[in-house]
Amino acid sequence: MKYFIKFILIFLVCCIPTWVIFDDVIIKSVIIQLTQKATKKKTNLASVKITYFPELSLTLNDFQCPNPMQQNYVLSAKKLRISIDASALLHQSLVINDIVSMDAIFFDTSSPVYPIKNTVQESSEEPKKTMSIPIKKLVDSAMPVISNSSFANDMKDAVDFSKETDDINAIISSAEDQILSNKNQVLKSLNNSFFELNGLNVSNVSSLDDIRDIQKKLTTLYEYLNQISNKIDDTSLIYKSAQSDIQAVHNEAKEKITSSLSSSILNQSTDNDASISTTLVKNTFDFLIQKFSPKQKKQLRPQFKGTTYRFQTNQPPKFMIRRLTINSPESNQHINGKNIGFGPNITDKMNLLIQFLNQPSYASFLTTVTSDNSKQYAIQSTLKGGRIAQRKLFENDDIRLNFLENKSVSLNILGQISKRSDISALVDIIQPEYRVINKSTNKNAIAGIVPFLNHQDLTFKLDFKGNLSAYEIEASSNLDELVKRVQTAFINKQMSAFKKEQDKIQNEMQLTFIRQTKDSEASFDKRYKKDMNQMTKQKSELTNKLDEITNELNDKKESFKNNIKSELKQSLKTFGF
Amino acid sequence: MITIFLFIKKCLGYLNSNESIENISYSLTIAFVFALIPFNIIIHPLLVIFLVALNGNALIFLFITPILSIITPNVYQEVHLVGDLILSQPSAQPFFYKLATVPLLGFSSWNNTVTMGAYAVSLISCVPLYFFYFFLLTLYRRHVLSKLKNSRMFKWTKSLSWMTYFLGKK
């Protein structure tokens, strides 16, 4: 036992002076390690001075804590004094009596920030989420995409004329068959008629019986001629009927083109009834929560932790800052707080005032947080003259949409933070401007819409209820109304341009269809005309020939009549009449 | 396979060393307590101080503690039952309320069921465990070691001492 006590004493005698000598080096190293681990950027800390009496305090000299989100230092202070309640440390509590710095700079960009190169590669399984993803979704849903060029190409491919072409071919084929049949019949009749006609020899007529025979045959031939004429007329009617059927098919095709174009326009203009502002706010909120929520480490086998009993009724708070003073109230950056803490057993009233004026990103930012019971924190925050830097909102192969720098953003947050928070936030962006950069010669609908959005004030109202793991968001804004108004104006403008384009497409498609049936229709016409010529020519020849024979016959009849007359006169004279 | 062989060889090396049975038993007991109690900044440094102060074998302790640390979490459910039984005793509540006000004691996590159970099990079992190790080691050195030293296997392991060097382990 003697040996044991001796050992403990030697151990203490060695340890305490070692700690007192090297405490600043150890604490400095611990602060740097912890900050660098949290921010993944290099932390600057020149020296740490620790005093144990009359109170435990740390003085950080030339301390620069980097901002994990941006390339600046969240806090840069020449001297930062932190006094700690040592008795609370013995009860596993960190109670800071005072944090004071009168020369601190928040979001300091005077010196460069260096990232720490991680030896352990972070897993790259999950795709890196950026703010542009929710904005891209919003733009995709909000913009009516009526791109004339792509639309026309799509339409040309979509309308199929094979049925109409088949119909026309069927009409032509049927008409041609009928015409050919008529033609054959006509030619056959003509041949027969010519044969009959060639058999008639009027010069050899010597008696009335001969004349009567020829007359009879001629009558028959005229009947044939009438039949031939009827057949030729019938052929003409068949052709005309076929032409009118073809025209009807052409009209059908035209109707088909027009109806296809109309339905496409309707399909494009009637979609997305979901509220754009709700979508935007929800997407943005989800994105921010995913980005900033602490990542849980994967444990292969979770260890059983048991249950921890609470026996202390007046347990000191786990963490508390009794007084916080950063810079004087007259300076541009001032933070003042009292009894800032979280969790149970804080009885004192909490007050926190954050006041930033004339900052590069905004004109003024004022936040007050108060709490009576450390369970519910009332928050009131106002930002005026906020600046949104120029940023890319949307980009695709054709265009890039930029939001131009805006210095008239105001933000008002009011509500209470607790296990069931209820916060209302109102954001106004006054007269925002956008610019579209065309990357190709293709026309894009967004480029047409953006001029209507310029200088249209944006107002977003957000009501958040719940906590970060389970929350309800109600968002409203003038964005829906604005987008609808812009859509209407844009569509009206676009529709007139589109009408022209539609006519052009219609004509082109009509021509395409006509080209498909042109050859068959032309050959049909050609054949019909040739056949008609042939039939008409032969018919006229037959008519002429018949007329000629008829005339000859008439002459013959006349001469016969005269001969008979003269013979009759002579006979009568002979008989003495 | 080679690792297991080297592990057995190392174990035998410690058991067959010139270290006294008392010291080996003591180191093994401290290692068991160290592994059983979930880590806290009060008890574990104290255990190390105890080990060194009472002349324990640090090498045996360092060798056996990681192995026991893999095994002991499997009995946390049972240890939790013991701790829960103690901490929920109605008659002990005033004492626990007083204990909670003692500075620094909070760092020992005594109000956690697993830790309290581990303390209780350690307190109850440390003395029997010491004597159990003592008894086993005595038996081993008296009866097994002499036979083992004459065995062909033991000689073979001795002859393969170059293997540890070849594998980069000393």
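1. A residue is called buried when its relative accessible area is under 20%, exposed when over 50%, and partly exposed in between (1.4 Å probe, protein chains only). By that rule Trp110(B), at 7% relative accessibility, counts as buried, and Phe96(B) is likewise buried, with a relative accessible area of 3%.

2. This is a predicted model, in which local features need pLDDT of at least 70 and side-chain atom pairs count only at pLDDT 80 or more, whereas totals for chains, interfaces and linings use all residues. Residues are numbered from 1 along each chain as its sequence is written, chains are lettered from A in the order in which they are written, and side-chain values use heavy atoms, with hydrogens and water left out.

3. Turning to the interface, 21 residues of chain A are in contact with 28 residues of chain B, contact being heavy atoms within 4.5 Å. The area buried between the two chains is about 2,200 Å², and carbon and sulfur atoms give 64% of that area; buried area here is the accessible area (1.4 Å probe) that two parts lose on being put together, summed over both. In chain A, the residues that lose the most area to chain B are Phe304(A), Tyr309(A) and Phe311(A), which together account for 34% of what that side buries.

4. Between chain A and chain B the count of salt bridges is 0, where a salt bridge would be a side-chain nitrogen of Lys or Arg within 4 Å of a carboxyl oxygen of Asp or Glu. On the side of chain A that touches chain B, helix α1 (residues 2–39) of chain A provides the largest share, 5 residues, helices being DSSP runs (H or I, at least four residues) and strands likewise (E, at least two), numbered from the N terminus.

5. Over all chains, the whole structure holds 17 aromatic pairs, meaning rings of Phe, Tyr and Trp (its six-membered ring) with centres within 6.5 Å, counted as stacked with planes under 30 degrees apart, edge-to-face over 60 and tilted for the rest. Phe107(A) and Phe356(A) form an edge-to-face pair, 6.1 Å centre to centre with 85 degrees between the planes. Because Phe107(A) lies in strand β5 (residues 104–108) and Phe356(A) in strand β8 (residues 350–359) of chain A, the pair ties together parts that are 249 residues apart in sequence.

6. The rings of Phe96(B) and Trp110(B) are stacked, because their centres are 5.7 Å apart and their planes at 25 degrees. One aromatic cluster is formed by Tyr309(A), Phe311(A), Phe95(B), Phe96(B), Tyr97(B) and Trp110(B).
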